[in-house]
Amino acid sequence: MESQALDGGDMSSPEIIHLNQSGPTEFVFRTFSSSPKIQVLLFCFFLFLYVMILCGNTAIIWAVYTHISLHTPMYFFLSNLSFLEICYTTTLVPLMLSNIIGARKPISLTGCATQMFFFATLGSTDCFLLAVMAYDRYVAICHPLQYPLIMTPQLCTQMVAGSLGLALFLSLPLTSLVFTLPFCGHFLEINHFFCDIPPVLHLACADTRVPQAVLYVISMVVLTTPFLLICISYVFITITILHIPSTEGRQQAFSTCSSHLTVVLLQYGCCSLVYFRPPSSTPADEDQYLALVYTFITPLLNPIIYTLRNKDVKNAEKSHEKKGSL
């Protein structure tokens, strides 16, 4: 009976499975499809995206580490962003892939809390680091003569460490607050492909207004504040770009800025839709599809937009190839 509840059944809505069954609380994730053919296709597709994310971001880290010409604040932040993307997706994707094919595998309360903590910490650090990178571009474009004096190696390290420290400071109490709530039943189905905060709160058999309020406040700090700082930075960057006499220079600068803003809007926009909406107004499947954007799309776009299209990286690779041929 227990295996039947895990392997099949109606997946149309999150439900409590075996409510009166004794034992520690465990969670199972909702499947994308019950069709074996579609499961195989989804597994191959998501595995391909995951491998591309790992390869693209690892290539950035390797390029920055091995080329002295890329030892600048901008590429220091980019390599840290790439490392975050690798850790961030690895927190979610392997477990997700293991649940796509075959029987759904339960995750313990501790395992779910651990995944939620690392997801919240790495995701928040990612958001803060995007704001730091926007500030770096603001100083480089608007104050080029003062750039080496402002963006020192010590300040760059402090900004990355500060982003991680603030994320830890916000994520630890939020995760602890969520898992102090009681969960009634043995097997609970999460209407998601990982232990995200809103669907887990939905399964608690207690008043969740306080955790929901705390989640809203923390989301304001993690999403709204960095996004506003990024927008302000790009306003000043745009004003400076408009004063560039060269038409080609303006077009190149605007092309770079628009690419960066595309990633920012995708990440912050999708996250805002997930974490700022009232729980009652959220359709059953919509959060899963929005989460796929910041789980796969933005980590895949970051290497392409931020670095692999960048002339500095291409020139560094060409010089490396010339040295190798010699």
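How many residues has helix H6, and what distance does helix H6 reach from its first C-alpha to its last?

1. **Ground rules.** This is a predicted model, in which local features need pLDDT of at least 70 and side-chain atom pairs count only at pLDDT 80 or more, while totals for chains, interfaces and linings use all residues. Residues are numbered from 1 along each chain as its sequence is written, and side-chain values use heavy atoms, with hydrogens and water left out.

2. **Confidence.** pLDDT is the predictor's confidence in each residue, from 0 to 100. Its mean for the protein chain is 83, and 83% of the residues reach 70 or more.

3. **Helix H6.** To answer the opening question, H6 (residues 153–178) has 26 residues and reaches 38 Å, close to the 38 Å expected at 1.5 Å a residue (that span is 1.5 Å times one less than the number of residues). Its buried residues (under 20% relative accessible area; exposed is over 50% and partly exposed in between, with a 1.4 Å probe and protein chains only) include Cys156, Met159, Val160 and Ser163. The buried residues of H6 pack against helices H3 (73–100), H4 (109–142), H7 (197–203) and H8 (209–242).

4. **Leucine 166.** This residue also lies in H6. Leucine 166 counts as partly exposed because its relative accessibility is 36%. Its C-alpha atom is separated by 8.7 Å from that of phenylalanine 128, 38 residues apart along the chain.

5. **The core.** A nonpolar core is a set of buried Ala, Val, Leu, Ile, Met, Phe, Trp, Tyr and Cys residues joined through side-chain atoms within 4.5 Å. The largest one has 83 residues, and those with the most contacts inside it are Phe27, Phe77, Phe179, Val200 and Tyr294. H4 gives the largest share of this core, 17 residues. Leaving aside neighbours within four places in sequence, tyrosine 294 is in contact (heavy atoms within 4.5 Å) with several residues, among them Tyr88, Phe119 and Pro299.

Notes. Helix = DSSP H or I, 4+ residues; strand = E, 2+ residues; numbered from the N terminus.
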